[in-house]
Amino acid sequence: MNHASNATKFNQNEPRVDWHDGALWFVRQKRDRAAVQVPEWEELRALASRIKEHTLARLDQYLPEFEEKALQNGIRVHWAADAAEHNRIVLGILQQHGFRHMVKSKSMLTEECHLNPFLEQNGIEVIDTDLGERIVQLRREPPSHIVLPAIHLKKQDVGDTFHTHLGTEAGASDPQYLTEAARQHLREKFLGAELALTGVNFAIAETGGFVVCTNEGNADMGVHLARVHIACMGIEKIIPKAEHLGVFLRLLARSATGQPITTYSSHFHRPRPGQEMHLVIVDNGRSAQLNRPDFRNSLKCIRCGACLNTCPVYRRSGGHSYHNAVAGPIGIILAPNLDLHKNADLPFASTLCGSCSNVCPVKIDIHDQIWRWRQVVTAAGEVEVSKSLGMRLLGAVLSGPVGFRLAGRAARLALRGLPFMLKNRWNPWFKQRELPEPPPQSFRDWYVSNRKRPS
Ligand code: SF4
């Protein structure tokens with residue numbers, strides 16, 4: 001479970017890596033075109049960032065306000081300190097009704113809590129109803145992207161998966177044919193579902209209602225057919241007022257896929273007559289992150305995925321390399337908070353180019369936080385021995401002129417006479433790079449012999 005070795009595996013198929021890179025860059029470009037069409041784009045980003053900043057500083061006010069209004073609306077509210085409690089609450093509701101089948105629309109929180117395997121172990125059939133999520137579920141894979149869960153798969157892969165699990169024609173890969181097959185398959189599951197679970201994009205303290213954004217209408221279909229609706233949200237999903245919603249809805253879809261708005265922005269305020277509605281509000285490490293001044297901004301995230309689409313490392317290493325529910329730059333700054341030891345490699349899966357921070361609709365300083373996590377990981381002694389030894393050696397070389405000069409001379413000699421000293425399997429830097437031509441002398445030597453002396 002290491003990003004570098006997982007990425008090495010992903011990189012074995014170079015044409016697929018190029019295709020993956022191109023597919024995500026296409027989405028990034030769509031985002032750019034959508035953003036420039038909104039003249040007040042930068043003001044919207046700044047406003048969204050300030051609203052989140054304000055709310056995160058007053059969660060103790062807004063969360064109880066939201067709970068009170070939700071209860072008044074007839075929603076049953078549950079609080080979960082961690083993933084295990086979240087999963088127990090969901091299972092408890094299912095068991096209380098004697099239900100064994102549920103449909104689920106996309107929720108990264110339930111991925112983070114590993115809800116599906118937990119429920120399956122307890123005899124519950126869970127069907128993911130978002131098309132991409134269903135594809136990866138049939139393949140027993142986790143999503144590789146927070147918005148585009150099956151972006152690592154080509155239509156031929158989907159055709160093979162559907163042939164195996166849904167009985168479509170062997171070799172068929174026409175997207176319309178495959179989508180229709182998925183539609184028929186999911187329709188049956190919707191009709192048989194006893195309970196529907198959704199995520200929450202925004203929860204409004206003022207009204208006690210919440211909004212779920214999808215492009216396929218699968219959340220609505222599930223909720224409208226099932227007798228019980230459970231919505232699961234992290235504590236950071238709260239926004240103070242309904243009037244703030246427009247700011248985020250305008251940013252979310254444009255940043256995610258370049259659409260002006262998600263196809264369905266469904267507002268839920270109360271259960272319909274005869275229906276039961278539950279809301280599970282989850283902490284699972286968010287309070288701890290809130291308590292870290294350097295990293296609390298990460299809780300502003302609205303999960304648009306733009307930072308993944310633009311990241312050169314994500315695009316060329318694939319989402320599964322991050323061995324975490326949330327991949328890419330945002331995953332890098334969230335995961336170490338949950339388990340520093342397990343995720344100590346992730347802050348190094350970045351070029352620190354800053355493209356993620358540039359596109360983030362809520363202006364999270366993502367690349368700065370990645371850099372700061374590196375320092376936390378290093379201080380905690382969680383860096384690989386080879387890396388920490390190498391860095392110590394480099395620190396010693398760069399901290400004095402004598403060592404720097406001698407190292408430069410030794411490197412030029414090695415480049416000329418013993419290139420294998422630099423380009424070998426223990427030096428990952430040169431794995432895909434050519435050695436430079438050794439210069440006849442260093443810039444320092446050249447400067448000393450060429451500088452003009454005052455006459
Ligand atoms: S960190 Fe910013 S860009 Fe990345 S998913 Fe979250 S909101 Fe989107």
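**The sheet**

I began with β5 and β6, which run antiparallel and are joined by 3 bridges. Helices (H or I, at least four residues) and strands (E, at least two) are DSSP runs here, numbered from the N terminus, and two strands pair if DSSP finds at least two bridges between them. This is a predicted model, in which local features need pLDDT of at least 70 and side-chain atom pairs pLDDT 80 or more, while totals for chains, interfaces and linings use all residues. Residues are numbered from 1 along each chain as its sequence is written, and side-chain values use heavy atoms, with hydrogens and water left out.

I checked the turn: β5 and β6 form a hairpin with 4 residues between them, and G208 there has a positive phi of about 75 degrees. F202 has V211 in β6 as its bridge partner.

Next I looked up the strand order, and found an open sheet of 4 strands, β8-β5-β6-β9, with mixed pairing. β8 (238–239) and β9 (264–268) each have a single partner strand, so one side of each is left without a neighbour in the sheet. β6 (residues 209–214) pairs with β9 in the antiparallel sense over 5 bridges, and F210 stands opposite F268 in β9.

Is β6 buried or exposed? I found 6 of its 6 residues buried, so β6 is largely enclosed by the rest of the structure. Buried means under 20% relative accessible area, exposed over 50%, and partly exposed in between (1.4 Å probe, protein chains only). G209, V211 and C213 cover one side, and F210, V212 and T214 the other.

**The helix across it**

I then turned to α12 (residues 245–257), which lies across β5 (202–204), β6, β8 and β9 and runs at about 175 degrees to β5. Axes are lines fitted to C-alpha atoms, for helices over the stretch in contact (heavy atoms within 4.5 Å), and angles run from 0 to 180 degrees between N-to-C directions.

I tested the length of α12: at 1.5 Å a residue its 13 residues should span 18 Å, and the end C-alpha atoms are 19 Å apart, which agrees. The expected span is 1.5 Å times one less than the number of residues. 11 of the 13 residues of α12 are buried, so the helix is largely enclosed by the rest of the structure; F248 and R254 are among them. G258 follows α12 with a positive phi, near 80 degrees.

**Rings and charges**

At F248 I also found the charged end of K52 over the ring, 5.6 Å from its centre. K387 lies over the face of F348, at 4.2 Å from the ring centre. The test is NZ of Lys or CZ of Arg within 6 Å of the ring centre and within 35 degrees of the ring normal.

How many aromatic pairs does the whole structure hold? My search gave 6. The ring centres of F295 and W373 are 4.0 Å apart with planes at 15 degrees, so this pair is stacked. Rings of Phe, Tyr and Trp (its six-membered ring) pair if their centres lie within 6.5 Å; planes under 30 degrees apart count as stacked, over 60 as edge-to-face and the rest as tilted. F295 and W373 are both buried.

**A buried histidine**

Last, I looked up H86 in helix α5 (residues 83–97). H86 is buried, at a relative accessible area of 0%.
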